[in-house]
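Subject: Structure handover and notes

Dear colleague,

Here is the structure I promised to pass on, with my notes below it. Please read the notes with the model open beside you.

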Amino acid sequence: MFDKLFGRGAERPVADPHALPVPRRKNGMYTLRALGDTRVLALVEAADSGDWDAVKAALAPFDLGRDHAVLAELAELDGVQDWIGRAVENEKEHRATALLISGSRHISWGWEARTSDRAVNVTQEQWRVFRERLHIAEEQLLEAAELRPEWVTPWRRLLTSGRGMSLGPAVNETRLDAALRREPLDLETHIEWVSQLQPRWGGEPGQALAFARKAFAGAPEGHRLGSVIAMAHIEDWVESESDDCLVTPEIQDELLEAAERSILHPAHVRRPGWQEDFNTFAMALSLASESIALPRVFQELQGAYTSWPWKYMTQPEKMYARARRNA
């Protein structure tokens, strides 16, 4: 079975000593927690209790200036905004880290106030809170980027706030360049720009997919950047009025090739939260009704579900379960 999944000659993955125990599955699936990593869980628990010293200690195994997934665990955690401001004010040695966490949290917190509703349905008060929180995020992330010029994560987050504040293409393109100078193959930056290029944000049809194809063409075998191809097709589906817009032989072949060159390639290296990349491919492949790579992707996931990118659907967990059954 292993040879069928990864090809002959590939080494079997070594068991991860930091993997969280898999919880009891419901309908064959479970929601991934803390990136499936015991160290990340310790970090989340420290942040949830508001213990800044424990947060700093738990961050030791990670490079928050490059690890978007670990940063996202803090940015999405409700309650961080209640104590991180004190860390920003009082911290000297790790001030850039406190600024990065606070700025990232303020972006997520801002979008929570705005909600994902259509712009015409967002109230004036929601807009006010949204912009107020994004303004704080901008100031903090720019300072973090100045203090730690080698970091890529502040620039990727500034792309999000820049889009929300409608700062325009000149500002956002400068931020994109800043991120890619620091890490030319950074997946999260590329996915952020794929969103930026969508018609709903002022882009042109086909622009995002062309960007994704050019980016992945320069990636080495086994690199996770292949997920940008899957995400570009998902974004096309979001923009389309047809649920079957991805069901073409050309798209099926492109997604199959991207999966085999990236997450299903023997050279692929799994990091904490690797399941999100597999979920991205699972969603794209299922929307395209692809039948070769999709079963292999779900086989590797073993029921692990991540909300991104399934949250684009009205019933994400139900759609994941359906796609898994159909595969």
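Helices (H or I, at least four residues) and strands (E, at least two) are taken as DSSP runs and numbered from the N terminus. With that numbering, Met 283 has its place in helix α14. This is a predicted model, in which local features need pLDDT of at least 70 and side-chain atom pairs count only at pLDDT 80 or more, whereas totals for chains, interfaces and linings use all residues. Residues are numbered from 1 along each chain as its sequence is written, and side-chain values use heavy atoms, with hydrogens and water left out.

To begin with the interior, buried means under 20% relative accessible area, exposed over 50%, and partly exposed in between, with a 1.4 Å probe and protein chains only. Met 283 counts as buried because its relative accessibility is 0%. Leaving aside residues up to four places away in sequence, Met 283 touches Ile 234, Trp 237, Pro 309, Trp 310, Tyr 312 and Met 313, where contact means heavy atoms within 4.5 Å. Pro 309, one of these partners, has its place in helix α16 (residues 307–310), and the peptide bond that leads from Trp 308 to Pro 309 is cis, with omega near 0°.

A nonpolar core is a set of buried Ala, Val, Leu, Ile, Met, Phe, Trp, Tyr and Cys residues joined through side-chain atoms within 4.5 Å. The largest such core has 55 residues, of which Val 228, Leu 255, Val 297, Phe 298, Leu 301 and Trp 310 touch the most other members. Helix α14 (residues 274–287) gives the most to this core, with eight residues. Apart from it lies another core, of 44 residues, among them Ala 69, Leu 77, Ile 84 and Ile 107.

Leu 255, again not counting residues up to four places away in sequence, touches Ile 229, Ala 230, His 233, Phe 281, Ala 284, Leu 285 and Ala 288. Ala 230, for its part, has its place in helix α12 (residues 227–239) and, at 0% relative accessibility, counts as buried. Under that sequence limit of four places, Ala 230 touches Leu 255, Thr 280, Phe 281 and Ala 284.

I also looked at how helices pack, with axes taken as lines fitted to C-alpha atoms, for helices over the stretch in contact, and angles running from 0 to 180 degrees between N-to-C directions. Helix α8 (residues 153–164) and helix α9 (residues 169–182) pack at an angle of about 165°, with their axes 9 Å apart. They are therefore roughly antiparallel to each other, given that angles under 35 degrees count as roughly parallel, over 145 as roughly antiparallel, 65 to 115 as roughly perpendicular and the rest as oblique. For helix α10 (residues 187–196) and helix α11 (residues 207–217), the axes come within 8 Å and cross at roughly 160°, so α10 and α11 are also roughly antiparallel to each other. In this second pair, His 190, Trp 193 and Val 194 of α10 meet Ala 208, Phe 211, Ala 212 and Ala 215 of α11.

Finally, two loop residues other than glycine have a positive phi. Asn 27, with phi near 55°, sits in the loop between α1 (2–6) and β1 (30–31) and counts as exposed at 67% relative accessibility. Ala 34, with phi near 50°, lies in the loop between β1 and α2 (38–48) and is buried, with a relative accessible area of 6%.

With best wishes
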